[in-house]
Amino acid sequence: MIRFEEVTKRYPDGTTAVRDLSFAVAEGELVTLVGPSGCGKTTTMMMVNRLIEPTSGRIFVGGEDIATLDPVRLRRRIGYVIQQVGLFPHRTVLDNTATVPSLIGWKKARARARAAELLDLVGLDPKTYGPRYPDQLSGGQRQRVGVARALAADPPVLLMDEPFGAVDPVVREQLQDEFLRMQAAVRKTVLLVTHDIEEAVRLGDRIAVYGQGRIEQFDTPGAVLGTPATPYVAEFVGADRSLKRLSVTEIEPSDLAQPPVARLDEPAEVAADRLHAEGARWAVVLDAEGDLHGWAGAGELGAGGLVRDHARRMNAWVPIGAPLKQAFGVMLQHDAGWVAVLDGARFLGVLTPAKLHEALRRSVDAEARGIPRGQVSFESVSDA
Ligand SMILES: Nc1ncnc2c1ncn2[C@@H]1O[C@H](COP(=O)(O)OP(=O)(O)OP(=O)(O)O)[C@@H](O)[C@H]1O
């Protein structure tokens, strides 16, 4: 359905964005283009609807060389979804969705009926959302309208540039799921740009992994993850693998750091001496029951009084056995350099960014060697 033949794009300033690009996307296939920023993904995509013209080479859509086609008519056959959705602020959601059908001369009633059908398809009740204006929608809802609008004239080809990039991870996953369901129903030929390998793997029938200006591997998700074609691809995929381990690696007692502990009711100077002896700059503060209260700095404790006079509340904690990802999330949420790890109410220790990284490393290494994580120690891995 889409075919690139030795396509090169050089910009006037001499930047070669893509070089000798050849690949084909079958009808009804969803191909994700993934790679780091600036590797030429967007350039590739914008050459398909002639928003950018190649310097050399040929591109075919539906068997026709697009250089011979009128760009405006070409674009009517190609839906285009971008991250900054670009909805018209003064038009209702329904009218926004009906934009393309109206442009190509459909009667108003037909265009609107089609728009309502599409809003429904992307999970927005047309009765509720159709009359609203774009600024009355959430980011995720706007993104859905963008997809609905791109599909409105029923184009056989869909280009999507980071379509789910502007929303938070939870909404993003929802949109991806919905999009997959929708794609199963409408079976468009889709080129989708993302810099997120996880998204590429999740959505793509095949994935094109970009290096600088060229495709390093063009294959199914399984093949790209399982048998990376080049060291570059292996690294690109590998970086993600360790991130994935964040979700499945559980915090264990051996992962924890043991900062000094101070009690709310003890004299601050006693606690300060303990910090000094251990060379620590802060202590975790627990209340009389041993429950987490927060923390106190060495400097403040030196001023005397009780620990409670200097303690600051911080409620950043996770239970032992929680995934590392959860601890990382809590750390970010509290903008904290550590999170307490509790067993029930009992304080076990803290997870710092360094400890988190250490735990992750060990988990990734163990996975690579096929050892269940519970059976390795940090020493046995670093000795290996
Ligand atoms: N109009 C332009 N003039 C000169 N160079 C450009 C132009 N547009 C893009 N480039 C360059 O071409 C290269 C590829 O850009 P492109 O936007 O295709 O990358 P990308 O992979 O989509 O990146 P990102 O994920 O950051 O959007 C980059 O080095 C970029 O700086």
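Helices (H or I, at least four residues) and strands (E, at least two) are DSSP runs, numbered from the N terminus. This is a predicted model: local features need pLDDT of at least 70, side-chain atom pairs count only at pLDDT 80 or more, and totals for chains, interfaces and linings use all residues. Residue numbers start from 1 along each chain, as its sequence is written.

**View 1. Phenylalanine 23 in strand β2.**
Phenylalanine 23 belongs to strand β2, which covers residues 16-25. The scale runs as follows: a residue is buried if 20 or more other C-beta atoms lie within 10 Å of its own, exposed if 12 or fewer, and partly exposed in between, with C-beta atoms placed from the backbone. Beyond its neighbours within four places in sequence, phenylalanine 23 is in contact with Phe4, Ala208, Ile215 and Phe218. Contact means that the C-beta atoms of two residues, placed from the backbone, lie within 7 Å. Isoleucine 215 is 192 residues away from phenylalanine 23 along the chain, yet their C-alpha atoms are separated by 8.9 Å.

**View 2**
Strand β1 (residues 2-10) pairs with strand β4 (residues 56-61) in the antiparallel sense, over 5 bridges. Two strands pair if DSSP finds at least two bridges between them. Strands of a sheet pair through backbone hydrogen bonds, either parallel or antiparallel. Phenylalanine 4, a contact of phenylalanine 23, stands opposite isoleucine 59 in β4. Next comes β5 (residues 64-65), which pairs with β4 in the antiparallel sense over 2 bridges. Here phenylalanine 60 stands opposite aspartate 65. The hairpin of β4 and β5 has 2 residues between the strands, and glycine 62 takes a positive phi near 55°.

**View 3. The shell around the ligand.**
How many residues surround the ligand? There are 13, and the closest are Tyr11, Ala17, Ser37, Thr42 and Thr43. A residue is near a molecule if its C-beta atom, placed from the backbone, lies within 6 Å of it. Helix α1 (residues 41-48) supplies the largest share of the shell, 3 residues. By class, the shell holds 3 nonpolar, 8 polar and 2 charged residues. Ala, Val, Leu, Ile, Met, Phe, Trp, Tyr, Cys and Pro count as nonpolar; Asp, Glu, Lys and Arg as charged; the others, Gly among them, as polar.

**View 4. The sheet β11-β12-β13-β14.**
This open sheet has 4 strands in the order β11-β12-β13-β14, with mixed pairing. Its edge strands are β11 (261-263) and β14 (312-313), and each pairs on one side only. Strand β13 (residues 292-297) joins β14 in the antiparallel sense over 2 bridges. Tryptophan 295 stands opposite arginine 312 in β14.

**View 5. The sheet β15-β16-β17.**
Another open sheet has 3 strands in the order β15-β16-β17, again with mixed pairing. β15 (317-319) and β17 (346-351) stand at the edges with a single partner strand each, so one side of each is left without a neighbour in the sheet. Strand β16 (residues 339-343) and β17 pair in the antiparallel sense over 5 bridges. Alanine 340 has valine 350 in β17 as its bridge partner.

**View 6. The whole protein chain.**
The protein chain has 17 helices and 17 strands. Of its 384 residues, 36% are buried. Among contacts with a separation of 6 or more, 61% come from residues 24 or more positions apart.
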